[in-house]
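User: I am new to this structure and would like to learn how to read it. Please take me through the sheet, the salt bridges and the pocket.

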Amino acid sequence: MSNRQQRLAARSLERRGLRGDWGPWRLTNLPDGIPGGTGWCKEVRLAQANNIYVVLVRPFLDENGAEVMHLAIRTASQLEPPWRDMQRIKNELFGPEATAVQVMPPQSELIDEADMYHMWVLSDPLTYSLFDRRGCKPRGL
């Protein structure tokens, strides 16, 4: 398949994805990490894929001992996933009430070797929000 045909096929999948048709998640356990991988790739324990996305899951404990799930996400078309899709991935894999963050790292920690996008699913909600959680309404309203 040519590069053009691959791009057209990926765009077709993406259009179906925009209509909500991602297909089922397929699960692959990776007890020893990604074969041939190095660094954090050796700590990946699970890959989940559907017709649009592949999500690598790397569990670890933060410095306070809380479990965090690092997600590395790729699309079929290698384009940046839209925010709504990142939210849907988080909801489908970890639940709608889970809190996840994306990070813009210090330049000294930047790794930009693949069209891969990262999200960290936290054990606890953030201590700040757009909502006043006591009253459950947006701040300032």
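**Reading the sheet, the salt bridges and the pocket**

Analyst: Start with a hairpin. E2 and E3 form one, with three residues between them. Helices (H or I, at least four residues) and strands (E, at least two) are DSSP runs, numbered from the N terminus. This is a predicted model, in which local features need pLDDT of at least 70 and side-chain atom pairs count only at pLDDT 80 or more, while totals for chains, interfaces and linings use all residues. Residues are numbered from 1 along each chain as its sequence is written, and side-chain values use heavy atoms, with hydrogens and water left out.

User: How many bridges join E2 to E3, and which way do the strands run?

Analyst: The general idea: strands of a sheet pair through backbone hydrogen bonds, either parallel or antiparallel. Two strands count as paired if DSSP finds at least two bridges between them. Here, four bridges join E2 (residues 46–49) to E3 (residues 53–61), and the two run antiparallel. Ala49 has Val54 in E3 as its bridge partner.

User: What do E3 and E4 form?

Analyst: A hairpin, with five residues between the strands. Gly65 in its turn has a positive phi of about 85 degrees. Nine bridges pair E3 with E4 in the antiparallel sense.

User: What is the strand order of the whole sheet?

Analyst: Read it across: E1-E2-E3-E4-E6-E5. The sheet is open, has six strands and pairs antiparallel. Its edge strands are E1 (26–29) and E5 (99–101), each pairing on one side only. From one strand to the next, the twist averages 25 degrees. Axes are lines fitted to C-alpha atoms, for helices over the stretch in contact, and angles run from 0 to 180 degrees between N-to-C directions.

User: Which strands does helix H2 lie across?

Analyst: Contact means heavy atoms within 4.5 Å. H2 (residues 83–94) lies across E2, E3, E4 (67–75), E5 and E6 (117–122). The helix runs at about 45 degrees to E6.

User: How many salt bridges are there?

Analyst: The rule first: a side-chain nitrogen of Lys or Arg lies within 4 Å of a carboxyl oxygen of Asp or Glu. By that rule there are two salt bridges. One joins the side chains of Glu43 and Arg58 (2.7 Å, N to O). Glu43 lies in the loop between E1 and E2 and Arg58 in strand E3, so this pair ties together parts that are 15 residues apart in sequence. Another joins Arg88 and Glu92 (2.6 Å, N to O). Both of these lie in helix H2, four residues apart, about one turn of the helix.

User: Is Arg58 buried or exposed?

Analyst: Buried means under 20% relative accessible area, exposed over 50%, and partly exposed in between (1.4 Å probe, protein chains only). Arg58 is buried, at 13%. Glu43 is partly exposed, at 37%.

User: Where does the largest share of the lining of the largest pocket come from?

Analyst: From E6, which gives four residues. E3 and E6 each supply at least two.
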